[in-house]
Amino acid sequence: MVQKRAQVKSEKRLFHGIVEPEEEEDIEDEPYHDRLARYKNETGLLEAIQTGKGEIYGLPVLFGSMEFGFMGGSMGSVVGEKVARLIERATSAFMPLILVCASGGARMQEGSFSLMQMAKISGTLYYFRQKKNENKKLFYASILASPTTGGVLASFGMLADVVLSEPNTCIAFAGPRVIEAVLNEKVPEGSQEAEPLLEKGMLDGIIQRKQLKHCVACLFDFHGLYSFLYGNSHD
């Protein structure tokens, strides 16, 4: 557990551009297959997302949760396929969907294959939305954890019916070091956090982690999903 937390901390330091040059060079020089095997061994996971089926106050839901500790939560072809299949299952089974995002974006080691996942997932969500017009039981909520950036933010992270975030979450398409390198300008402190984005209308709410379950349940109740289960609103 201590080793895993240290790895997550290292990944976040790399994202924010505060990793020493020698350390960054060692990370980048590691072959992709070796790195993949190392993360599998360290995290006990097969990929940067876990998907499954559960219940919130008795209502069956499908969910996906990204793990930033696995290669910075980057989205490769496997992650993209798992997300797309999860959305397809939610569509066919008419079940509400929850995706918790924590990612550095598309997995650069897979090149264009990782970028193709954005289009695939967006297309799958378009079909989900079409079916939603036929059956009101379909509902998609995304929860942005820190950091959520790049292709994950630009695809399924912001295409939900409701987009929620935890406090002080870093949300951006590109990290500060990339922006500063390209534009040669300093990124204003706090400009890539959830609070100013909520003020600009990019988020629907900022919720403490302990209150997320109750908040999502209230959203489901507001959209009448519990009425399909109980025949009336859920208290």
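User: Let's start with charges. What can side chains of opposite charge do when their charged atoms come close?

Analyst: They can pair up. In this predicted model, the structure holds 11 salt bridges. Take R38: its side chain meets that of E30 in a salt bridge, at 2.7 Å from N to O. The side chain of R38 also meets E42, with 3.6 Å from N to O.

User: How far apart in helix α3 are R38 and E42?

Analyst: They're 4 residues apart in helix α3 (residues 32–43), so about one helical turn separates them.

User: Which other salt bridge does E47 form?

Analyst: E47 pairs with R107, and their closest N and O atoms are 3.0 Å apart. E47 sits in the loop between α3 and β1, while R107 sits in the loop between β3 (97–103) and α5 (112–132), so this pair ties together parts that are 60 residues apart in sequence. Both E47 and R107 are buried. Back at the R38 end, salt bridges with shared partners join E30, R38 and E42 into one network.

User: Now the rings. What describes a pair of aromatic rings?

Analyst: Two things: the distance of the centres and the angle of the planes. The structure holds 2 aromatic pairs. One of them is Y39 with F70, a tilted pair with 5.8 Å centre to centre and 40° between the planes. Y39 belongs to helix α3 and F70 to the loop between β2 and α4 (77–93), so the pair ties together parts that are 31 residues apart in sequence. Y39 is buried, at 1% relative accessibility, and F70 is buried too, with a relative accessible area of 0%.

User: What kind of pair do F139 and F220 make?

Analyst: Their ring centres are 5.7 Å apart and their planes are at 90°, so the pair is edge-to-face. It links distant parts of the chain: F139 is in the loop between α5 and β4 (140–149) and F220 is in helix α9, 81 residues apart. Both F139 and F220 are buried.

User: Which charged residues lie over the faces of Y39 and Y57?

Analyst: R38 lies over the face of Y39, at 4.7 Å from the ring centre. For Y57 it's K213, at 4.9 Å from the ring centre.

User: And strands? How do the side chains go in a regular strand?

Analyst: They alternate between the two faces of the sheet. Here, strands β1 (residues 49–56) and β2 (residues 59–66) run antiparallel and are joined by 8 bridges. I56 has L59 in β2 as its bridge partner. The hairpin of β1 and β2 has 2 residues between the strands, and Y57 takes a positive phi there, near 50°. Another positive phi, near 75°, belongs to G224, which follows α9.

User: Last one: which residues make the nonpolar surface patch?

Analyst: V178, V182 and L183 make it, and it covers about 290 Å². L183 lies in helix α7 (residues 176–183). With 53% relative accessibility, L183 counts as exposed, because the cut-off for exposed is over 50%.

Note on methods: Residues are numbered from 1 along each chain as its sequence is written. This is a predicted model: local features need pLDDT of at least 70, side-chain atom pairs count only at pLDDT 80 or more; totals for chains, interfaces and linings use all residues. Side-chain values use heavy atoms; hydrogens and water are left out. Patches are made of residues with over 30% relative accessible area and no salt bridge: like charges are joined within 9 Å, nonpolar side chains (Val, Leu, Ile, Met, Phe, Trp, Tyr) within 5 Å. Accessible areas come from the Shrake-Rupley method with a 1.4 Å probe; for residues, only the protein chains shown count as cover. A salt bridge is a side-chain nitrogen of Lys or Arg within 4 Å of a carboxyl oxygen of Asp or Glu. Buried means under 20% relative accessible area, exposed over 50%, partly exposed in between (1.4 Å probe, protein chains only). Two strands pair if DSSP finds at least two bridges between them. Rings of Phe, Tyr and Trp (its six-membered ring) pair if their centres lie within 6.5 Å; planes under 30 degrees apart count as stacked, over 60 as edge-to-face and the rest as tilted. A charge sits over a ring if NZ of Lys or CZ of Arg is within 6 Å of the ring centre and within 35 degrees of the ring normal.
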